[in-house]
Amino acid sequence: MVESLAFQTKARTVDHLGREQIADCPTAISELWKNAYDAYANAVELSIFEGHEPVAVMVDDGHGMNKSEFVSRWLVVGTESKVSSDRTQISDMNGLRPRPKQGQKGIGRLSSANLGPLLLLVSKRANSPFIAALIDWRVFENPFLNLSDIEIPLIEFEQKDDLLPQLPLMFKKLLENVENADQSARSARITQAWKDYDQMWFEQRIAAKHALPPSRRITTTIIETVFEDRHFSRWPVWTDQSAHGTVMLISQINFDLRVLLQSAVADAAAKGAQQRFFETLSSFVDPFLDPTRPDISAVDPQFTYSVKTWASEIPHTVVGTGKEFNRSMVEAMEHVIDGFINIHGIFKGRVKAFGQWAEEECVITPPDDLIIPEGFDTLLGPVDMFIASMEFQSANTTHSQQEYQRYKELASKYAGFMVFRDGLRVLPYGREDNDFFEIEMRRSKNAGREFWNQRQMFGRIAISRSNNPNLKDKAGREGLLDNRAAKTLKVLISNILMQSARQYFGSASEYRTELLPQIRKDNSKERATAARNALRKKLRRQFQENLKSYRAKMPGLISQLERLNKETDLVGEEKIERTSQMLTELKEQRANLRLGEAPDNLGPLEDSYNDFRFQLQRSQALVSSIEEKIQSALDEVITGNPAAAADRQISRAASQLHRRIRGWKTRIEELQRKEFERTRELFDQRNKIFHAEMKPFVSQVVSQEIGLGEFSKVLEHLRERLDEENESLFVPYIGALESLSESIDLESLATFGMEEVSELRTELERLNSLAQLGITVEIIGHDLQDYDDIIGSALRSLPAEIRALKALKDIEFGFDGLTDQLRFLSPLKLSGTRRQDWVTGQLIWEYVSRFFGPAMTRAGIVFDATESFKAFRVFDQPSRLFPVFINLVNNSRYWVGLQQTGDKKILLDTVDGKVVVSDSGPGVAPEDRESLFTLFFSKKSRGGRGVGLYLCRANLAAGGHTISYEANPSRMPLKGANFVINFRGAEYYYG
């Protein structure tokens, strides 16, 4: 007799399909996200809440479930809804376009067991009550329970406030799967199953891991302390922002989720878990999608995701939409492949190598020994492809160093070659431990020829359910099912990577051979520029630090010099000797406060620097005064042994020199010792690199993976590359040492070079500015001439009594000055003749006094003119001369106003038949005097454009006059800045 029997399903089957089937925690999360995608959610979020017992909460705004759907679909493992045609109603699509199903096996929901054992699922459909189910996945770990014996507590409720009060009743019902007191056969089976499971647990000594047996770990849970109202705060349905969606609350979460709550992690395993979590879930949605161009299989899934931790009121985003990279961040990289594989396995697209797009379309055909399948169940279908990468050595890159470093940092987080289906990521492709396309395997055989590196390339292939139906996931989501379509895809992608490397990027490509020498040459210049800029920054930083330090020391030094200068009792050789010794020590202190050359464009340091220079000059004046007193006292000393006195002075000077030399010697020996150690370590390192990199190839020769001919090519290529690197390291170093041995001052050379380059760059910018100014004036020139004619004619046509008014004379004067400046700026032939008259010093004095009077008073500046100045006169245009004095007095007003002590004076005077504008300010530093009258030169820290003195000289030159700066103030009225004007044909009256 033939019997018909059915499979008996143990509860542990669910555990096998769920917790044990999924590779890891982030893979389980991706499965749950895909379920939310299939439910037409716009967004999904996983939040991990800190607490006595942390809780993970996954929320979405999908269409949700009612009681009937939960029972008929969610509780049915392998439900047919995943494999049947898409029957989603339009009302459930939430305004989104139709989505192909991501799930295929109907078991993705079971992956929630991987996150934690205790699950509270709450869902709501629009216009339907809430439903809630409570599941403890540990029940399904019992190998003695039948699946049919386990019952899931389920409730319906209308208001969200009705849920939490019912949780204890649901948990009590859940415990009937562990402890059941009724007399039914099910109760007896459950009781015996847990008795057997606990006994097995004790016998296997699992107690070393857990203090309680399996049944007790479930029954001792206090459900009232697990889930709280705050855990629902991220669910849009709970906050009335959505009428539908699902939330999953998970307690007793696993290690991978717990470590995300830790801001600082020392444990290596925890760090590894955090890194793998980020690596797996970042870029869950295709970041390489280009919305401006049509793709074959790549689509925008209209789906956002995030993982957040709540250790406080402010969340921390671990991964998520908006925090990831995108195509726009990498498509500017120097190496790019962008195209698609058609149904015949032929790749067509664009290629960029070393920053240059190839002129012709790139076409790569399949390998000759590959037959492209065409059957219904073997067809591969079209595939989109995008890859971006860069050179691995900075010396070879066409990117700037800033770009190169940015891409390296980006690669450390997001690099990898990934697979996306309908816009969502297929795992585990793109993770560091996955080499499905054998990129790293080929690279290990010949890194130069194969080029591609998984950790320094950004890329993906895009497939779809409709175009590539035979590319299916394995049950455990550890990759594509190993069928013929997947095998074909692997061969095609591997072939494209190999052929593109040989043709465009790798050591065997003509592109690299032709372009690399010039790239390296350009990069050597860039490195020199970078080194120069680094030195400039270093010198500026040192200057700033020294300026701050030396300014703080200067008052103490000046105070000691002033006390020493006040000593008038320099009588006797012993007293003079003691004073000389004290002065020597103070001069040595002053010598240690030398700042050296000031950098260009001091900016906010300008005031501090000027103050320091003033204090330095003051200290030098005190030193000079003391030296004069010592010299005078020595001349009056009568000694019986002048040779001994001279020897003492020599000894004192030599002692000072020796002290400074010893200090420099100690510093130099320390630097030499450190440099010797550094270079010795560098030599050792460079000596070992060749053998270390050749070792894998020797193994391949032994295993006959490559022949001696190929080995010889690899060896020579590596030798040449390392020799070039060594040369770039050591030859410049030797050159520097040779220069030092010949007493060539490298720092001065570098500083001079930097200053020269900086000056040239500044000059270029000035010339560009002038060119723009010239273009502007050229454009408006015609209109300016017309306006000049109109205004000049109108003024001349006014009645005589009106033209005699002072206000109108001021207007005419301003008009004359304006047209003069316009004439200076451009070759326009403005109408009319400029009025010339005798301009007296009295008129200039009155005009400038009216102009600056209130400002001078507020600043406490005394502005005056001598009688000889007021009496001088010159025949010229007032509109040409007045601005000269306005500029000169304005400059003096600025610098005199900076003084903190002493009289503040500006004086107009005449000396030796020349006009002098004199002030009591700090004067012009010797190093600045040559540049005083050049265009755009200014030492003002604020508001200076460097045009005033240039225009002064230009205006005066138009009348045949000259201006200069007097460096020796001994014959000048005041001891600050003195500008001397030699007026052609001027008349002076000295009474």
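**Figure 1. Ser 389 is a buried residue, at 0% relative accessibility, in this predicted model.** Ser 389 belongs to strand E13, which spans residues 383-389. A polar atom of the Ser 389 side chain is placed 2.8 Å from the backbone oxygen of Gln 456. Beyond its neighbours within four places in sequence, Ser 389 contacts Met 333, Glu 334 and His 335, together with Phe 451, Trp 452, Gln 456 and Met 457.

**Figure 2. Helices H2 and H8 pack in a roughly parallel arrangement.** Helix H2 comprises residues 25-38 and helix H8 residues 268-281; their axes are 9 Å apart and the packing angle is about 30°. Angles under 35 degrees count as roughly parallel, and H2 and H8 are therefore assigned to that class. The crossing of the two helices is right-handed. On the H2 side, the residues that meet H8 are Cys 25, Pro 26, Thr 27, Ile 29, Ser 30 and Trp 33. Their counterparts in H8 are Arg 276, Phe 277, Thr 280 and Leu 281. Cys 25, one of the H2 residues at this contact, is buried, with a relative accessible area of 2%.

**Figure 3. Helices H23 and H24 pack in a roughly antiparallel arrangement.** The axes of helix H23 (residues 878-897) and helix H24 (residues 948-958) come within 9 Å and cross at roughly 150°. Angles over 145 degrees count as roughly antiparallel, and the pair H23 and H24 is therefore described in this way. H23 passes H24 in a left-handed crossing. H23 contributes Arg 880, Leu 881, Pro 883, Val 884, Asn 887, Leu 888 and Asn 891 to the contact with H24. From H24, the residues that meet H23 are Gly 948, Leu 949, Cys 952, Asn 955, Leu 956 and Ala 958.

**Figure 4. Asp 196 is a partly exposed residue of helix H5.** Helix H5 spans residues 185-203, and the relative accessible area of Asp 196 is 28%. The side chains of Asp 196 and Gln 192 are joined by a polar contact of 2.8 Å. Asp 196 and Pro 143 are 53 residues apart in sequence, with a C-alpha to C-alpha separation of 9.3 Å.

**Figure 5. Asn 94 and Gln 252 are non-glycine residues with positive phi.** For Asn 94, phi is about 55°. This residue is found in the loop between helix H3 (67-74) and strand E3 (118-124), and at 23% relative accessibility Asn 94 is partly exposed. For Gln 252, phi is also about 55°. Gln 252 is found in the loop between strand E6 (245-251) and helix H7 (255-258); its relative accessible area of 27% places Gln 252 in the partly exposed class.

**Figure 6. The peptide bond joining Leu 427 and Pro 428 is cis.** The omega angle of this bond is about 10°. Pro 428 lies in the loop between strand E15 (424-426) and helix H10 (439-445).

**Figure 7. The chain as a whole contains 24 helices and 23 strands.** Of its 991 residues, 45% are buried. Among contacts between residues at least 6 apart in sequence, 72% join residues at least 24 apart. The structure holds 0 disulfides. Cys 362 is a buried cysteine, with a relative accessibility of 1%.

Terms used. Residues numbered from 1 in each chain as written. Predicted model: local features only at pLDDT ≥ 70, side-chain atom pairs only at ≥ 80, totals over all residues. Heavy atoms only, no water. Disulfide = S-S within 2.5 Å. Buried < 20%, exposed > 50% of the residue type's maximum accessible area, 1.4 Å probe, protein only. Helix = DSSP H or I, 4+ residues; strand = E, 2+ residues; numbered from the N terminus. Polar contact = N/O pair within 3.5 Å; in protein donor to acceptor, adjacent residues only side chain to side chain. Contact = heavy atoms within 4.5 Å. Axes fitted to C-alpha atoms, helices over the stretch in contact; angles between N-to-C directions. Parallel < 35°, antiparallel > 145°, perpendicular 65-115°, else oblique. Left-handed = near helix turned anticlockwise from the far one by under 90°.
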